[in-house]
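I opened a new notebook page for this structure.

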Amino acid sequence: MSSEPLRPIVGERQPERPIHPGVKIGHIHLKVADLDRALGFYCGVLGFALMQRYGTQAAFIAAGGYHHHIGLNTWESLDGSPPPPGSTGLFHTAILYPTRAALADALRRLVAVGIPLDGASDHGVSEALYLRDPDQNGVELYWDKPEEQWPRTPDGQLAMFTRRLDLDSLLQEPT
């Protein structure tokens, strides 16, 4: 990816009635081929807690005791294969960590079990790790920098970018 700032499209139409600013994106459901394998990754490696399981067909996992952040199911995908390159679908799931230290802990968990990264980026507003789950779903693990550190243009517009994330520096974060 380029390290050039992302810029809004000139003349891009904005909604007449924007969505409520308090709206958030809630949980996700992922189709997986093997429920136990998916739980091994999301619970065993990343550390999510199993909140409820429906046999071999579905499981609901979360952080902090929430009912579920991620639903995993085999309803339409048991023993299935990932979509081929060049097809539409989910690019990645983004999991927001509260601090840089918590993101560093996630990186240490991945390194400990040998899960490779597809990439690691500093976007100015956030720092992110990119990888694949066992079903080849894209996963982004990231933390948002404090808003006062976000890069801005001279006229105050957001000036996000993509630069290489210094993983050694991230690993130096205290536990």
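Entry 1, a strand pair. I looked up β2 and found that it pairs with strand β3, residues 58–62, in the antiparallel sense. Five bridges join the two. The model I am reading is a predicted one.

Entry 2, the sheet. I then asked in which order the strands of the open sheet run. The order is β1-β4-β3-β2, four strands with mixed pairing. The edge strands are β1 (28–31) and β2 (49–54), each of which pairs on one side only. From one strand to the next I read an average twist of 20°.

I located threonine 162 in the loop between β8 (138–144) and β9 (163–164). Is threonine 162 buried or exposed? Its relative accessible area is 14%, and buried means under 20%, so threonine 162 counts as buried. Its side chain makes a polar contact with the side chain of histidine 123, at 3.2 Å.

I wrote down the count, which is nine salt bridges. One of them joins the side chains of arginine 100 and glutamate 173, with 2.9 Å from N to O. Arginine 100 sits in helix α2 (residues 100–113), while glutamate 173 is in the segment after α3 (167–171). The two are 73 residues apart, and the pair links distant parts of the chain. I checked both for accessibility: arginine 100 is buried at 15%, whereas glutamate 173 is partly exposed at 22%.

Arginine 152 forms a salt bridge with glutamate 147, and I read 3.7 Å between the closest N and O atoms. Arginine 152 has 40% relative accessibility and is therefore listed as partly exposed. Last, I noted which residues are joined by salt bridges that share partners: Arg100, Glu127 and Glu173 make one network.

Technical notes
Residues are numbered from 1 along each chain as its sequence is written. This is a predicted model: local features need pLDDT of at least 70, side-chain atom pairs count only at pLDDT 80 or more; totals for chains, interfaces and linings use all residues. Side-chain values use heavy atoms; hydrogens and water are left out. Two strands pair if DSSP finds at least two bridges between them. Axes are lines fitted to C-alpha atoms, for helices over the stretch in contact, and angles run from 0 to 180 degrees between N-to-C directions. Buried means under 20% relative accessible area, exposed over 50%, partly exposed in between (1.4 Å probe, protein chains only). A polar contact is a pair of N or O atoms within 3.5 Å; within protein, one must be able to donate a hydrogen and the other to accept it, and residues adjacent in sequence count only if both atoms are side-chain atoms. A salt bridge is a side-chain nitrogen of Lys or Arg within 4 Å of a carboxyl oxygen of Asp or Glu.
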